Amino acid sequence: MKNVMDRRGMLRNGLLSLGGMALAPHLVNGASMNKPFKLDSKNRLYYSELNREYFLENYDEVKAFAKLNANENPYGPPTSAQKAIIESVTGGNRYAWKELYTLVDKIAKKENVTAKHLMMGPGSSDLLEKVAIVLFMNGGNIVSADPTYMSLIRVAESVGAKWKAVPCKGDWAHDLSAMENAIDSETKLVYICNPNNPTGAMTPAKELMDFCSRVSEKVPIFIDEAYMELAYGPQAVSMVSLLNEKKNVIVARTFSKIMGMAGLRIGYIAALPEFIDKISVVTRGGMGISLTSVHAAIAAMDDSGFQDMTKTKNDEVKTYLVSELAKMGYDPIPSYTNFMIFPISMPGKEFLGKMQDQGVGVRAFKIMDKDWCRVSLGTMDEIKLFVSALKGIS
Ligand SMILES: Cc1ncc(COP(=O)(O)O)c(C=O)c1O
């Protein structure tokens, strides 16, 4: 029985790190719990004065007909990647060095950087965490928006960093001038998630480019672009080109979203070679990635058909959801991602329970004194189920 409970706890805590305001399960369950992962008096996960998250103790029991809680790609993995996995599995007795170099070269070409600018990891989470460990093992502070994706920040706090949280602007973009003002002599990193999670909002490209270009002369800037390929319009600009101007930026990307490979665990950072060297202290540079996942990633990169299809379907589902939410009087934040967040008029935990009872798994937050539902954009059928569940409880 104890094992079952432990497993449930682990699943729940693991879930909380997926596609959300990440919590590393080992830290939740482990001795470091006292600091970064505290719960408030209502048993909500406490991120900051502005920002908490609800969870259900019995989450792993959800009969999720529509699993819309971790911003996964419902169409993946691409058939091309599946085929590559099957064909490469017999090579699994060997480490994947050669294949990894092929993948790194391919990514270098795509990002217009050299292989020395890149570090691969089993998911970008792994690299976010390693950057946090290396930069903050001797203290310091990290500046970021609030709300934002918490993975790097939580690990930074767990090794002794102080988090300087800067509220987002009224349109949910990063408040870059307030962030710049928050930097002091102890600041070791600025973290920017663009598009941001959990809001789905985008910070204007030119403002961000100017900010990164100028401020990175003082302090490194980490730009988490997990959802960039799903964004659209003139603001959807990666900051990776700043590396060619030798700016001290670190850009994180993942195969978990547009490539549909969350469970296959592949991500990378692009940074100045000297920054990559620094992080190498705590990583075996790609040793964490399985041969089959490397082959899958190579195939997925070439599969522009799959990526285009994902984007088209994601946009169709988004348009449908926006119109259904409007009919019901909900007011979502415009989303540049594969998820959407909107205020609800019910305590978040009750909302989660009612959705779960109908087989729909979502996330619920308390942000700036309002309760919010964050729903991942699943398939059209899944989102229709979500809409009908929402109608059932409104
Ligand atoms: C903003 C953001 N960054 C990073 C990640 C981690 O992705 P992965 O570890 O699967 O690459 C996520 C996952 O949802 C995310 O939302």
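## Crossing of H3 and H10

In this predicted model, helix H3 passes helix H10 in a right-handed crossing. H3 covers residues 79-88 and H10 covers residues 291-302. The two helices pack at an angle of about 145°, and their axes are 8 Å apart.

On the H3 side, the contact is made by Ser80, Ala81, Lys83, Ala84, Ile85 and Ser88. H10 contributes Leu291, Thr292, His295, Ala296, Ile298, Ala299 and Ala300. Sorted by class, the contact of H3 with H10 has eight nonpolar residues, four polar residues and one charged residue.

Strands of a sheet pair through backbone hydrogen bonds, in either a parallel or an antiparallel manner. Here, five strands form an open sheet with antiparallel pairing, and their order is S1-S2-S13-S14-S11. Strand S1 (45-48) and strand S11 (339-344) are the edge strands, each pairing on one side only. On average, neighbouring strands of this sheet are turned by 25° against each other, direction ignored.

## Pairing of S13 and S14

Within the sheet, strand S13 spans residues 363-367 and strand S14 spans residues 370-376. These two strands run antiparallel and are joined by five bridges. Arg363 stands opposite Arg374, which belongs to S14.

## Helix packed on the sheet

Helix H12, made of residues 348-357, packs on the sheet. The strands touched by H12 are S11, S13 and S14; of these, S11 is an edge strand. The direction of H12 makes about 165° with that of S13.

Notes
Residues numbered from 1 in each chain as written. Predicted model: local features only at pLDDT ≥ 70, side-chain atom pairs only at ≥ 80, totals over all residues. Pairing = 2+ DSSP bridges. Helix = DSSP H or I, 4+ residues; strand = E, 2+ residues; numbered from the N terminus. Axes fitted to C-alpha atoms, helices over the stretch in contact; angles between N-to-C directions. Contact = placed C-beta atoms within 7 Å. Left-handed = near helix turned anticlockwise from the far one by under 90°. Nonpolar A, V, L, I, M, F, W, Y, C, P; charged D, E, K, R; others polar.
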